[in-house]
Structure formats: structure tokens, C-alpha cells
Amino acid sequence: MWESTLGHAGLQRHAQDKAVRSTREAMLVLMATAAWLAATSWWRPLALPDEGRYVGVAWEMLHSRDWLVPTLDGLPFLHKPPLWYWLTAAAMSAFGAHEWAARLASLTGATLAAWALYLFVRRWADVARARTVLIVLLTMPLYFGGAQYANHDMLVAAFVTMTILAAAHAVLLRETSVPWGSTLLCAYALAALGVLTKGLIGAVLPALVIAAWLLATRRVRLLALLAWWPGWLMFGLIAVPWFVAMQARYDGFLDYFVVVQHFKRYAGGGFNNERAWWFYAAALALFTMPWSPWIALVLRRRFFADGPRRDLRVLMAVWLAVVLVFFSLPRSKLVGYVLPALPALAFLLAEVVATRRVRVIAGVAAVICVAIVTGVGIAAPHSAQPAVESMRDKMTVRDRVLVLDRPVYDLAFYLRLVGPVPVASDWAGSPLRDDWRRELLDAAAFAPESARRILLPSDQASAWLCRAGTTWVFGDADSVDRHRWLTQAQPVYSDGSLAVWRWPGAAGTEGCRAAP
């Protein structure tokens, strides 16, 4: 009896020690993942236009204290929901206006998604496979770069990833007679957060993946889980209030957000970045080098033969296919849209790459990751950071700022401005393309009174400048050819693209008389 008792106690201690070691390893993996993805996030300026635009919206939200309405240069910017802006504004509030803080939402999303994949594979396969999958994912250049890019793509990809993993985990738990309700409830909550990040794809993509997987694995009766009322109640409590509040604030918001920014952008033309149907297949092959050559081995029929991980392989294959097909159908395509496919691709590649080669390939891949991010930083398109650094000690808090012809999206972030910057342009004189002009004019339709103070016609710029006070004018290097009155201003900076002039205002009476 004593031996039996001691044996049972020993087994309990062994189980407890194993659980402690497992938890410790999981936390070490989490910290190592975060450290690697953040390694080069701090030294390069914000990339234009995307990083500057979205960080600028978060910066305005932080200083306006209006946590409901995202604004771009003081005007309602209703393209995206607010979660990414909330997280980024909170990060800058806590840590200051640093590039790495502006990228923290994307970094956090990428870290948690990679960690969730590791935990899922460890639970339903084994520790060795989980480590390999994680290494493959973290050394894909597209994933590494996306984690350090301040826009919505990586965060929504993270929520899509975690939603799919949580839902699949719930299905597999249900089949082992383990409580699964809380896990499925978590999946619905994560889907709601995805919707609050970038709209309907936060729920549509996971639903399509899980439905296709259930059908492919003959779990048809479990499709009812997609209509599970406790989950939809959780989803509604998280996702719906912001949309209701915005529709109450702006009549026509839902039409603009859902019809224009979702259905028309997905199904119609007239938007930027039109690409061929094969664009994402080529992008994945290119931006997952040096892992992508092994994709050919995944396509073998016997790869999906019956075995201990067949369900997982089918899940990942369906996941990859759904994301590729879904985003290949629209004409408008951006590389970042395909980020939700990378966790599935990483699992499939880890299944076919020989274990002895993983470290060598991962080392080469890590060098490529750092080299690409470094190259992007060196070739960053005309950030305002150098201009601001060169003139920071020359400005006073009473000085004003004017931008000519196009917004400089990162200007408010680097100048620490707390109000909108007027933009002088020929607003009615050129076709309305899917560009910065369309963004601002769409925003102006929701706040016409504010727009009249911010969007200045070009022929009114000189009169605006001649009010009291010094004004710093930002524009293209060739702006002087379109605005002849700039010859009366003092050039203070030019990098061949972005230029800055100092206009003395009412004190410079000669300049004001010369202005048309």
C-alpha cells in the first residue's frame, strides 16, 4: 500500500514538473519571439504613405481624446475601424512618439499569432514540430517585415490566425470529450476583434476556413458551431457598439464603410494596385524565400494520406487555399493582404523540410529578413524626419505649418503637432483617383465645415500665408514651379523630393504684396 501511495505521489510530482517545464518553455518561446520580431523595429523612419498615414491617425486620436472617430488631418477617416488606432495611441501614450512604439500593435499581433500557432501544434502534434513551425514562420521575410510595419494588415492577420486556431482547437477538444465551450467562445471574441481591426474579413476569413475544413474532413454536422448563439452574442457585444455609435454620429457611415470600402473595393474596379490573378502565389513564393522551394513537396497527393497529423495538414492546406483564392479574386491587391496565409504555409513547409536542414535554411532566412528590412529603411520614400530634424530648433510653438499639393503623412508625428495641417491643392482641377486626394475628399464629405478650414484651394494659399505669424511650408521640390509666390519665401531644406520654405507672414510685407 505504501509503495502504491509513493508511486502515485511520484507520478503526480512528475506530471507537475512536466507542466512547469512546459509552461516555462512556452514563456521563453513567447519572449524570444517578441525579441526577434522587434529586433529592427526602432531605427528606421516611418514609411510613406501607409505608416505615416495610419500612425498619424493614431497620433491625432491620442491628442484629440476622441476615441470614437479616427481622423486624418482633422477629418473623419472612416476606411478602417478603430482597434489598431486605439492600441497604437495607447502605446505612444505609454512609451512616447517613437517608431517602435508606433509599430507595437503590429509587433504584438505577430508575436501572439506565432505563439498561438506554436501552442496549437504542440498540443495536437508534438513539441519538436511546434518548434520547427515557429522557426519557419518567424524567418519568413514577409512575416518578419509585416510584424514591423505600422498598418492594420498584421494585426488583422493575427486575429484571423488566432480565431482559426481557437475554433479548430474547440472542434478537436469536442471530439475528445474535453470541455470546449470556452475555447469556441474565445474564437468568436477574437473574430470580433478582427472586425474591429479591419472590418468584415476579421470574421469572414475564419468562417470560410473552418467551414471548408469541416466539409473536407466530413464533419458536416459540426457546421452548426458557426451559428452557435453564445458565440454570436459575444461577437455582437464586442464588435457592434462602435458601428452603431458611428452610424448615429454620421448618417451614411455604414453605406460608406460596408458598401464602398468592402463590397465595391472587393468586387469592383477603379481602385489602386490592380494586379493579375496569380499575384499572391508569386508574392508568397518570392517573400517566403528561402523556404518556398519546398512548396512543391507539399503538393504531392501522398502528403495528405491518412496519418496522425492528417487533420492538421488538411486544416492548413484549406486555410492556405481559402486565403489565396479569397484575395486573388479582387483586382486590387496588396502584398500585406496575404499575411493570414503565412501560419498555414509555415506548418505545411515544416512538414516537408528535412529536420537537419532547418537550422541552415533558418540562418539564411534570418539574414534575408534583416537585409530586406534594412534595405527598406535606407530606401524609405521621403520621410519628413530628416527635414524636421534639420529645422526643429528654428521653430516656435506659435509658428504655423502649411502643406502644398499633397499631405506629408508623418509630419504631425515628427513635428509633434496637435492640430490639423492645412493642405493647399487644386481640389477640383484633377480627376478623382484612388489616392490621397480621394481619401481627404471622402473624409471632407463627413465634416464639410472642418474641411473648408483644412483643404485650401491653391489660389487661397498666399492669402492664408499673409496672416500674422511665421509659416513653414512643406511641398515637393518642384512646388515653386506651380506656386510662384514661393520665390518670396526662404528655402530652408530640400532632399530632392521634399522641400521646406519659411514664410514670414505679415512681417514680410514685400512677400505678401508679391503673392497673387
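**Salt bridges, a buried threonine and a nonpolar patch**

The side chains of Glu351 and Arg309 form a salt bridge with an N to O distance of 3.1 Å. Glu351 belongs to helix α16 (residues 342-352), while Arg309 sits in the loop between α14 and α15 (310-328), so this pair ties together parts that are 42 residues apart in sequence. The model in which this pair is found is a predicted one, and a search of the whole structure finds 18 salt bridges.

**Salt bridges**

- Glu351 and Arg309 are both buried, and the two residues also take part in a network of salt bridges that links them with Asp126, Arg129 and Arg313.
- A further salt bridge joins the side chains of Arg103 and Glu51, with 2.8 Å from N to O; Arg103 lies in the loop between α4 (99-102) and α5 (104-124) and Glu51 in helix α2 (residues 50-64), so the pair ties together parts that are 52 residues apart in sequence.
- Arg103 is buried, and Glu51 is buried as well.
- Arg482 and Asp476 also meet through their side chains in a salt bridge, here at 3.6 Å from N to O.
- Within that pair, Arg482 is partly exposed, because its relative accessible area is 43%, whereas Asp476 has a relative accessibility of 18% and therefore counts as buried, the cut-off for buried being under 20%.

**Surroundings of Thr288**

- Thr288 is placed in the loop between α13 (279-287) and α14 (295-298), and with a relative accessible area of 0% this residue is buried.
- The side chain of Thr288 reaches back to the backbone oxygen of Leu284, at a distance of 2.4 Å.
- When neighbours within four places in sequence are left aside, the residues in contact with Thr288 are Met140, Pro141, Leu342 and Leu345.

**Nonpolar surface patch**

- Trp42, Trp43, Phe95, Trp100 and Ile378 make a nonpolar surface patch of about 570 Å².
- Trp43, one of the residues of this patch, is found in the loop between α1 (2-37) and α2.
- The relative accessibility of Trp43 is 34%, so this residue counts as partly exposed; patches are made of residues with over 30% relative accessible area.

Key: Residues numbered from 1 in each chain as written. Predicted model: local features only at pLDDT ≥ 70, side-chain atom pairs only at ≥ 80, totals over all residues. Heavy atoms only, no water. Helix = DSSP H or I, 4+ residues; strand = E, 2+ residues; numbered from the N terminus. Buried < 20%, exposed > 50% of the residue type's maximum accessible area, 1.4 Å probe, protein only. Polar contact = N/O pair within 3.5 Å; in protein donor to acceptor, adjacent residues only side chain to side chain. Contact = heavy atoms within 4.5 Å. Salt bridge = Lys/Arg side-chain N within 4 Å of Asp/Glu carboxyl O. Patch = residues over 30% accessible without salt bridge, like charges linked within 9 Å, V, L, I, M, F, W, Y side chains within 5 Å. Areas by Shrake-Rupley, 256 points an atom, 1.4 Å probe, with all protein chains shown as cover.
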